[in-house]
Amino acid sequence: MQVAVLAFWEEDKQPTCSFDRLRKARVRSFHGEDPEMRFIKFVLANSPELVEMSVEPSSIPDYDETVLTTQLMDLPRASEKAKVNYVP
């Protein structure tokens, strides 16, 4: 499964779609890996009505949470109202 996800992002064939009605999103069991960050970036960039995205780490995060939260907060958003919450 992970190989297919990696191939999707590496081929740079992401769909050109918009999540026009998406207002809330939650990513659970986040490991801080590149495909997960790309997915979050994609959702934020294509959700003009998004108000909140929550990111919940895996039970044992294997990354620097301070660096990661800074990266998450700096991602561009299609919605000016969108807030990203890192929920440890």
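**Entry 1: S47**

I looked up S47 first: is S47 buried or exposed? S47 is buried, because its relative accessible area is 0%. (Buried means under 20% relative accessible area, exposed over 50%, and partly exposed in between, with a 1.4 Å probe and protein chains only.) The model I am reading is predicted: local features need pLDDT of at least 70, side-chain atom pairs count only at pLDDT 80 or more, and totals for chains, interfaces and linings use all residues. Residues are numbered from 1 along each chain as its sequence is written, and side-chain values use heavy atoms, with hydrogens and water left out.

I then placed S47 in the loop between α2 and β2. (Helices are DSSP runs of H or I with at least four residues, strands are runs of E with at least two, and both are numbered from the N terminus.) I found a polar atom of the S47 side chain 2.6 Å from the backbone oxygen of V43. I also listed contacts, meaning heavy atoms within 4.5 Å. Leaving aside neighbours within four places in sequence, S47 touches F19, L22, A78 and S79.

**Entry 2: helix α2**

I turned to α2, residues 34–45. It has 12 residues and reaches 16 Å from first C-alpha to last, close to the 16 Å expected at 1.5 Å a residue. (The expected span is 1.5 Å times one less than the number of residues.) Which residues of α2 are buried? They are P35, M37, I40, F42, V43 and L44.

**Entry 3: the strands**

I followed β1 (residues 24–30) to β2 (residues 52–57): they run parallel, joined by 5 bridges. (Two strands pair if DSSP finds at least two bridges between them.) V27 stands opposite V55 in β2. With α2, these two strands make a right-handed β-α-β unit. (Right-handed: with the strands pointing away from the viewer, the path from the first strand over the helix to the second runs clockwise.)

Next I checked β2 against β3 (residues 83–86), and they pair in the parallel sense over 4 bridges. S54 has N85 in β3 as its bridge partner. The chain goes from β2 through α3 (residues 65–74) to β3, and this crossover is right-handed.

**Entry 4: the core**

How many residues are in the largest nonpolar core? It has 17, and F30, I40, L44, M53, V55, L68 and L72 touch the most other members. (Such a core is a set of buried Ala, Val, Leu, Ile, Met, Phe, Trp, Tyr and Cys residues joined through side-chain atoms within 4.5 Å.) β1, α2, β2, α3 and β3 each supply at least two residues. The largest share, 4 residues, comes from α2.

Notes: Polar contact = N/O pair within 3.5 Å; in protein donor to acceptor, adjacent residues only side chain to side chain. Expected span 1.5 Å × (residues − 1).
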